[in-house]
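User: Hi! Could you help me go through the aromatic residues in this one?
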Amino acid sequence: MFGRVDSAGVLRVARSVAITIQENDKISLQPVLKWAGGKRQLLSAILPLVPPDFGLYAEPFLGGGAVLFRLRPERAVISDANAELINLYTVIRQDVDALIDALQCHRNDAAYYYAVRNIDRNADAYKGLTPVERASRTLYLNKHCYNGLYRVNRSGHFNTPFGRYRNPTIAGATELRAVSAYLRDADIDIRIGDYAEVCGTLPAGSFVYLDPPYHPVSGTANFTGYTAGGFGPAEQERLKLVCDDLTRRNIRFLLSNSHDDFILDLYREYYIDIVQARRPVNSAAAGRGVVAEVLVRNYPSA
Ligand SMILES: C[S@@+](CC[C@H](N)C(=O)[O-])C[C@H]1O[C@@H](n2cnc3c(N)ncnc32)[C@H](O)[C@@H]1O
């Protein structure tokens with residue numbers, strides 16, 4: 001499909017074999033997406049706070065899934081409000097070879113990028129895409145757009161500009177197959193929708209990792225525009241009520257957010273750890289800086 005947008009030249013996708021075998025012989029999976037607010041570099045702070053045992057694992061703000069792919073739970077519910085993201089994981093699980101084939105047609109040039117990006121402005125063309133084509137578009141845009149930012153306007157149209165990277169790499173075949181095998185072999189329920197729906201269905205004894213769009217803090221480049229509606233203070237307050245409900249139902253939660261008086265006050269009755277993360281900051285000169293974030297939980301540390 002996308003090869004027809006402009007057929008000259010082929011971007012070879014491929015390559016990086018990003019899996020390693022750990023001492024326990026489990027394959028270490030890498031997130032296939034670059035995701036704003038991704039938790040890869042906070043894993044060393046998050047993992048020690050994960051309860052040593054739990055029933056069902058839930059991650060309802062999945063994004064790139066850095067925590068899921070590190071924990072590799074055997075039973076999980078994963079979800080996100082972003083339908084394209086969830087379509088991608090569904091296709092990786094069910095149709096990974098077709099996805100790998102579909103990725104071969106993409107190219108790293110601006111005209112091609114904007115043609116693929118703007119398909120969502122044409123409702124008929126967009127509806128005509130197969131799930132594999134949509135997944136291939138999502139992976140392509142993610143690695144070729146500016147900063148990997150999944151940003152949509154009020155109409156839900158993807159509007160991040162072309163990234164102008166010299167040699168962007170889309171997840172390689174080995175990496176995609178490893179994620180596919182995990183999603184097939186483990187008992188993983190993949191859903192689209194609001195986090196509150198997933199949280200409302202969890203049984204007692206579950207453990208939930210909540211990584212919502214952060215409350216913006218001045219001076220940092222916190223990004224909340226993942227979905228057309230955004231995630232403002234009222235959304236943060238709604239999430240806190242869901243956390244209270246989880247607590248009442250004997251479900252443990254660990255939540256990430258920005259280090260800010262509003263968030264500290266909202267979660268004042270819970271355990272709060274302050275951690276340092278390297279994040280983009282607004283000052284152009286600073287680029288990336290060390291920013292304080294919080295990890296909130298409703299259970300004491302082990
Ligand atoms: C900070 S990101 C999660 C990053 C992820 N932990 C990672 O490592 O890449 C927040 C995610 O929440 C999703 N989201 C925003 N509003 C939501 C809602 N109401 N319900 C479920 N997901 C939502 C966004 O689509 C985005 O993927």
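User: Are Tyr 112 and Tyr 140 buried or exposed?
Analyst: Both Tyr 112 and Tyr 140 are buried (under 20% relative accessible area; exposed is over 50%, partly exposed in between, with a 1.4 Å probe and protein chains only). This is a predicted model, where local features need pLDDT of at least 70 and side-chain atom pairs count only at pLDDT 80 or more, while totals for chains, interfaces and linings use all residues. Residues are numbered from 1 along each chain as its sequence is written, and side-chain values use heavy atoms, leaving out hydrogens and water.
User: Which aromatic cluster are they in?
Analyst: One formed by Tyr 112, Tyr 113, Tyr 114, Tyr 140 and Phe 162.
User: Switching topic, how many aromatic pairs turn up in the whole structure?
Analyst: The search finds 16. Rings of Phe, Tyr and Trp (its six-membered ring) pair if their centres lie within 6.5 Å; planes under 30 degrees apart are stacked, over 60 edge-to-face, and the rest tilted.
User: Why is the pair of Phe 54 and Phe 207 called tilted?
Analyst: Because their planes are at 40 degrees, with the ring centres 5.3 Å apart. The pair joins distant parts of the chain, 153 residues apart: Phe 54 is in the loop between α1 (43-46) and β3 (57-59), and Phe 207 is in strand β6 (residues 207-210). Helices (H or I, at least four residues) and strands (E, at least two) are DSSP runs, numbered from the N terminus.
User: And what is the relative accessible area of Phe 207?
Analyst: Phe 207 has 0%, so it is buried, whereas Phe 54 is partly exposed at 26%.
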